[in-house]
Structure formats: C-alpha cells, structure tokens
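Hi everyone, thanks for coming along. I'd like to walk you through one structure today, so please have a look at it before I start talking.

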Amino acid sequence: MRIKTAAQYEEWYKNAKENPEDFWGEMAQNFSWRRRWEKVQEGDFNSLDIKWFQAGQLNITENCLDRHLKDKADQVAVIFEANDPNEPARNITYKELFEKVCKMANVLKNHGVQKGDRVCLYMGMIPELLISVLACARIGAVHSVVFGGFSNQSLAMRINDCGAKLLITCDGSPRGKKQVLLKDIADSALKDCPNVENVLVFKRIEIEVAMKEGRDHWANPLIDEASSECAPEIMDAEDPLFILYSSGSTGKPKGLMHTCGGYMVWAGFTFNNVFQMEKDDIFWCTADIGWITGHSYIAYGPLLNGATQVMFEGIPTYPDPGRFWKVIDKYKVTHFYTAPTAIRHLEGFGLEYVNKRDLSSLKVLGSVGEPINEEAWNWYSKHIGNGKCPIVDTWWQTETGGIMISALAGVTKDKATYTTKPLPGVIMSLVDHEGKELEGENEGNLCIKKPWPGIARTIWGNPERYKETYFSTYPGLYFTGDGAKRDSEGNFRITGRVDDLINVSGHLLGTAEIEDALNQHKEVVESAVVGYPHNIKGSGIYAYVILDQNQEHENPEDLNKELSNMVGTILGPICKPDKIQIVPALPKTRSGKIMRRILRKVASNKFDDLGDTSTLLNPEVVDELIKHKI
Ligand code: PRX
C-alpha cells in the first residue's frame, strides 16, 4: 500500500494530520507484529514521554527477512560490490541473508550477548556488517555502529558511553588504494574500554593482527559452525533497537536511541513511498552503515520492503572517478541515492567518465545529507538522470530516523534545490527567533510540531540533554537546528544549520569537538572553529588558533600540519580543519563570549557584512583577522 498520485498524497497528508491514530494504525498493519498494539501514539513535545504502538510486540528482522521467505527466498537481497573492481560480486539472496543473520545471532548469543545488551560495530562496508546489525536486532541486542573513519578515541568514547560489552570489527578495510587498520585502531580504543568482554573479528584484508587470548575471536569460522536456527527475540515496540552517535554542540557526541516499532514503521513507510520501487528494480544507496542513511536505507528500509540493493565497499573515485557510473551500468541500478558532495566532486571530473557508461536503467535519483545547490541539481538531473529521472531531495536527520521532507518519486513534483513537501505525519513549522510561527512564503527556523513514529526517543543515558537540545529553544516544538525557506506552494528549501554544527560533506561535526581536539596541543591556548562555504564539501572547517606566547613555535606550515593531523588522530580524518589561521586574539563580547558570527563572516570572505563590531571587547582584532585571512 503506497501513495500513487499527487492527489492521494494530499489526502494521506490530511488524514495523517487530522487522524494520526487511524492513519498510523493502518500503516502499521503493513508489517508483521507478534502482538497488536493497544494504543497507536502517546506523549507530546511538552511531556516528552513519546511512545508509538504501545504494548505491540515484534521483531524487526522477521519483517526484514522471515516474511520474505515465502515468495522471495531466492531473490537477491544484496549485491556486494567490493572496493576492488576486479573482485567478483557477491549476491546474497533473502534466504542466505536470513541464514547468515541467524548464524551470527547464535554467535553473539554464544558470546554472552542477551536482549538489551549493547554491541558496538566498527567495520567496513561488507555484508558482514549488515548481517551483524541484523543479528543484534534478531536477539534484541542494541547495536551501536561506529563509522570506520572515526579514531580510537572516538570509538572508545562511544563504546563506553553506551556500555557495550562486545565489539565486532574487521582486521581492516580497503578504502580506495588505502587500508584502514580497523583492528589496530580498535585495540588502542579497547585499552580504555574495560567493559568489553569479547571482540569478534571478521577477516577482510588478510593482514596480521594481534588477537588477545580469551577476548578476541575470529568471526568467520564461528559463523560457519553456528546453527542457522535462531528464533527472533520478541521485542516491545518501545524497546531500544539501536543507538547512533551524532555530533553535538558540546564536545561529546549524542547517542540517539531509536526503538523497534516506531522506527520500523517509519523506515519501511518512507522507503516505500519516497522511492516507489517496482518489482525487479535495483536500489543503491552509497552511504555507509556507520551513518543514519545507511541504517535506514541500506540496513532496514530496503529489506523491510523486500527490495534488491547494491552494497558498495569502496569510494567514488577508485580506481577512477567513473566508479559510480560503472557500478550503475554493471548492475542496471534503477534507484540511485547519494550525497550532493559526491555529485559536486564527480562533476568536477567532467563528462568523460559519465559518457562511457550506459545509465539508461536509472529511474529515480536521490540526494541526502546537505543542501544541493542548483548547479549540482541540474548536472545530476541532466547528465546522470538524462533529464528523465525525478530527483528526490530527502531532508532528514539522525534524530528523525527516516526521511521527513521529500518529493515522492514520480508522484509529487520535484523542484531544484527544494526538498519539497513533508511526508504524511510530518507537521513542520517555520518560526522566527522568538518562536512565533511564520505563515506562507517565508524564511525561518525549521521546527516540527507533532511526534512521528521514527523520532529518536532519547539521548542514551542523558534524557536532560535530549530535552535541552531539541525542545528547549521553542517549548512544545522539536527544533531541527536548520534554517529553511518556504515557497508559496509549501515547498521547503533548507538553508543550512543555524547552530554550531558544521555540515561537512553531509556529515555533521561539532565545532566544540574540534576545538577541544585543537586545544590539546601544547602550544595552543585557545581556538574557535567555524564553517565556511566549500565548493565540494558544502562546508569546510576553518579554525582560528591562538598560540601560547611564552613558547617557541615551529614554522607555521609545520605547525598547521601538526595541528590538523592531531585533530585527525583524536577525532578521525573527516574532522581535520581545511584552514587554520593563527591569530593573536579572538573577537569577544564584554562578557567574554567569542563572537562566532564575525568569525564565520571573515572565514566566508564577507568582510563588508560584519555587522556592529563596536560592542566587542577588542574590536581591533577584526582587522587583524581580515588582514591575515587564509
Ligand atoms: O542540516 C540538515 C542536513 O543534515 C542534517 C542532519 O544530519 P545527520 O543527522 O548527520 O543526517 C544526515 C542524513 C539524513 C540536517 O539537520 N541535511 C540532511 N538532508 C538534507 C540536509 N540539508 C539539506 N537538504 C537535505 N536533503
């Protein structure tokens, strides 16, 4: 059951808004439940005790796997395309995936994992990652996937914050020409994680790794030996399904917690309606399972809908910048879902790589993670979609669990640079700085008025921070942290973050985290990090750094490199600043607060638009910043 026409979208939107109980009750019937819910929805944004499908019971893997065995057992669920283009593809049918998941679930059980335990996954994009995620869900363990590009310290923080007792990792992971030494990094992390009792290690790149007796176990032989029978753990709808960390405005990332019932309905419903896949279509989402996009539109959404998808281990530019187009051609991908940063990056290599391939299988293009600029939208539409594919520009967040605003492919209209209209059940609101709701064509801060099934229920271990971050700016509303414009037809265009997070290549990074890392350098006294417009990444990272005047400094170039590498080591390579400017002071208000607005303007070369600087404690420093701007 899905929306088929624009008129039906309007009708469903209205029904979901006016009568959410009936609407979501009906939608939830598209899934298998072990026990029917008693109440569809409870709680609101004041009380924050949000619950969906109360008293309902289910296991999400029964919905992703078991229920397809009747008529799709031999249909391919996952086509695995390795980093090395010469490595043969691995096709995994629904039946095989089901068996592998059950086997892995038994391996986890044999290593003491029980319902409610947290399991951390730090792996490359191989089918075993997907299998492990589902294996956790099968036995009711809460998975917490950490992106393989994060550092040992970032991994340790996440393991400890959620109290994981088992880690699943790989010996390493190929990424283009390089290798990420996952097990080595995990070993350094584990020095600070006393609660991890067992580590399961998948072999991927066949390198020597240290295996700690009693703690570390090779996973592949264990899976092979394990039984392929594993009854699903019956979960309450509101039991946790996973935790996924997202950067916040303090140095510490937030562990967003999603639950079994509501998340399942949201991931399944949004995938079905936004992408509009038909029989024999092939979906490909290029995200990593380490991010929410990979959770909802690789691990869960496609499988909940019994789709066939490509899973890709590599990077867009290896062995050359034509890799995406080659893979689309190779598997006749029909639905392609990627990020604007990748589009902009690949556009820069010209059409030579695109024109070599037959992209005529494509029916639908998707975009996610950051605003897509008009030029990239047009290029994507014209050269990849051959002018015939609708583009679904999907706006959502780790916190929302699934797509919130998007065109429905071929059903509702797309519009360049607009993410268009909210899905049924998503009641958006634009507000001004005081929280007053703005009507019609307008620009303001993007909020959501009513709970939807996929909303993260809390920040793991920190309900106060959950309340403070999302619900305190505008009481009674969920504040997204984004600014947006709305046109006269009700289409939304996201203008970017309005808080102190920076969206770098579709990944949200906290300025405070990067500052904390910079400040660990012995020569750094203080730092301030802001975003600035970057042609490919969307936003780049600009760091202003004050050095200790009582110390001798190395030559500035070496120091900048050292600082940048240090951030890479502490947080992970994606957090490295693009530009570092050594400054004598930072512009501060009389109360000692850094005026980030000015730093952002200077970093963006908007020198004529600095606003009133007279209230600063040290207005003279602004000229200094401009003079030595990088
Ligand atoms: O600023 C918005 C941007 O990404 C943020 C959410 O980041 P994250 O939780 O990492 O999830 C990314 C993948 C869903 C949002 O607050 N964002 C996401 N999608 C879009 C977007 N900005 C503009 N257009 C989008 N389609």
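Let me begin with a cut-off: a residue is called exposed when its relative accessible area is over 50%, and buried when that area is under 20%. Please also keep in mind that this is a predicted model.

Is Asp280 buried or exposed? Its relative accessibility is 65%, so Asp280 counts as exposed. You'll find Asp280 in the loop between helix H10, residues 260-275, and strand S16, residues 282-285. Its backbone deserves a look too: phi is near 75°, a positive value in a residue other than glycine.

Now here is another residue with a positive phi. Thr420 has a phi of about 70°, and Thr420 is not a glycine either. Where does Thr420 sit? It lies in the loop between S20 and strand S21, the latter spanning 428-431. With a relative accessible area of 2%, Thr420 falls under the 20% limit and is therefore buried.

While we're on backbone geometry, there is a cis peptide bond to point out. It runs from Tyr318 to Pro319, with omega near 0°. Pro319 belongs to the loop between strand S17, residues 308-312, and H12.

That brings us to helix H12 itself, which covers residues 323-331 and includes Asp329. Asp329 has a relative accessible area of 18%, so it is buried. Apart from neighbours within four places in sequence, Asp329 is in contact with Arg357 and Asp358.

Tyr331 is also in helix H12. At 13% relative accessibility, Tyr331 counts as buried. Setting aside sequence neighbours within four places, Tyr331 has contacts with Ile79, Phe80, Glu81, Ala89, Ile282 and Val310. With Glu81, the side chain of Tyr331 makes a polar contact of 2.6 Å. With Ile282, the C-alpha to C-alpha distance is 7.8 Å, although the two residues are 49 apart in sequence.

Which residues come nearest to the ligand? Out of 17 residues around it, those are Asp393, Thr394, Thr398, Asp482 and Arg497. By type, the shell has seven nonpolar, six polar and four charged residues. Helix H11 (292-304), strand S20 (391-394) and strand S26 (492-497) each contribute at least two residues to that shell.

For Thr398 the distance is 2.6 Å. For Arg497 it is 2.8 Å, and for Asn503 it is 3.3 Å. How much of the ligand does the protein bury? On its own the ligand exposes 540 Å², and the protein buries 96% of that.

Finally, let's zoom out to the domains. Domain 1 is made of 1-41, 264-453 and 480-499, while domain 2 runs over 501-627. Their C-alpha centres lie 33 Å apart. Where the two domains meet, eight residues of domain 1 are in contact with 11 residues of domain 2.

That's my tour, and I'm happy to go back to any part of it.

Technical notes: Residues numbered from 1 in each chain as written. Predicted model: local features only at pLDDT ≥ 70, side-chain atom pairs only at ≥ 80, totals over all residues. Heavy atoms only, no water. Helix = DSSP H or I, 4+ residues; strand = E, 2+ residues; numbered from the N terminus. Buried < 20%, exposed > 50% of the residue type's maximum accessible area, 1.4 Å probe, protein only. Contact = heavy atoms within 4.5 Å. Near = heavy atom within 4 Å. Polar contact = N/O pair within 3.5 Å; in protein donor to acceptor, adjacent residues only side chain to side chain. Areas by Shrake-Rupley, 256 points an atom, 1.4 Å probe, with all protein chains shown as cover. Nonpolar A, V, L, I, M, F, W, Y, C, P; charged D, E, K, R; others polar. Domains from an automatic or database assignment.
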